[in-house]
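This report describes selected local features of one protein chain.

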Amino acid sequence: MSPAPDDGGRALERARALLHPDALRASARTDAGYLDLLPDAGSPRPTAAQHAMNNRLVAAVYERVWRPVWTAAMGANGLSADGERAKAAADLCLGGEQRVLDVACGPGNFTRYFGERLEGQGIAVGFDISRPMLDQAVRSGGGPHVAYMRGDARRLPFDDGTFDAVCCYAALYLLPEPMTVVDEMIRVLAPGGRIAVMTSYGREDPVLRSALRLAAGTLGVRMYDRATLPDAFATAGLTEVAQQIRGVTQFVNARKP
């Protein structure tokens, strides 16, 4: 059955209800189909990779062309885009009426997938700072369980423990102050909720690690070692921390007790 024409509007209102009151007092706009909490601010573009994420052409071909090429370059060892989405959903234990936050959602390919697994008042909120990416996400549609917001992930506009699941795939290595973003994701995760991250991995071999970091640095991409994210999760008190490494990518998930 096709969703009612105003289902997207109702999803946006449910997402708006999750915002901290201070965020509601901001001059947010919804005329583009998403809630823009930074209507007068542009996106940071200090690196080549961040310039790309704010390019309308890249946003338009992201899911079909850019993401598969980037995934191959990052060495996902045959895990397809569908496989990545399925892994994220499994690691987050998605289903029912959960509230899900997809940080740095880009054009919403993961957000839409998450929304399809929710029911009732469940909501998947795609959160990004790039207008071109969110414009593409809105054009691609979402359904009754998907809404998008534009904001700064270093200061997530939600109360502690707002979400049952929080995801950040293929973006942490691009973000300014990434560990601040990690702290924020953990903060807004509810007790019993799960977090899942996919990001870069710098390998153990020192020569290869140096080469990867040099290449990544040229584009403005961070390379993470094996310990940084699991240690950050453990230090924050998360449990059931699990890590899988594929080529120069790593998948890390955990549960908040």
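Predicted model: local features only at pLDDT ≥ 70, side-chain atom pairs only at ≥ 80, totals over all residues.

A disulfide requires two cysteine sulfur atoms within 2.5 Å. The sulfur of Cys167 has its closest cysteine sulfur in Cys168, at 7.0 Å, and this is too far for a bond.

## Packing of helix 8 on helix 10

Two packed helices are described by the angle between their axes and by the distance between those axes. Helix 8 spans residues 178-187 and helix 10 spans residues 228-235. Their packing angle is about 40°, and the axes lie 11 Å apart. Helix 8 and helix 10 are therefore oblique to each other, and helix 8 passes helix 10 in a right-handed crossing.

On the side of helix 8, the contact is made by Met179, Val182 and Ile186. Their counterparts in helix 10 are Thr228, Leu229, Ala232 and Phe233. The residues of this contact comprise six nonpolar and one polar, with no charged residue. An α-helix has 3.6 residues a turn, so residues three or four places apart point the same way.

The buried residues of helix 8 are Pro178, Val181, Val182, Glu184, Met185 and Ile186. What covers the buried residues of helix 8 includes strand 2 (99-103), strand 5 (163-169) and strand 6 (189-200). Helix 10 is also part of this cover.

Glu177 has a phi near 50°, a positive value in a residue other than glycine. Glu177 is located in the loop between strand 5 and helix 8. Its relative accessible area is 44%, so Glu177 is classed as partly exposed.

Glu240 also has a positive phi, of about 55°, although it is not a glycine. Glu240 belongs to strand 7, which covers residues 239-246. With a relative accessibility of 49%, Glu240 counts as partly exposed.

Definitions and conventions: Residues numbered from 1 in each chain as written. Heavy atoms only, no water. Axes fitted to C-alpha atoms, helices over the stretch in contact; angles between N-to-C directions. Helix = DSSP H or I, 4+ residues; strand = E, 2+ residues; numbered from the N terminus. Parallel < 35°, antiparallel > 145°, perpendicular 65-115°, else oblique. Left-handed = near helix turned anticlockwise from the far one by under 90°. Contact = heavy atoms within 4.5 Å. Nonpolar A, V, L, I, M, F, W, Y, C, P; charged D, E, K, R; others polar. Buried < 20%, exposed > 50% of the residue type's maximum accessible area, 1.4 Å probe, protein only.
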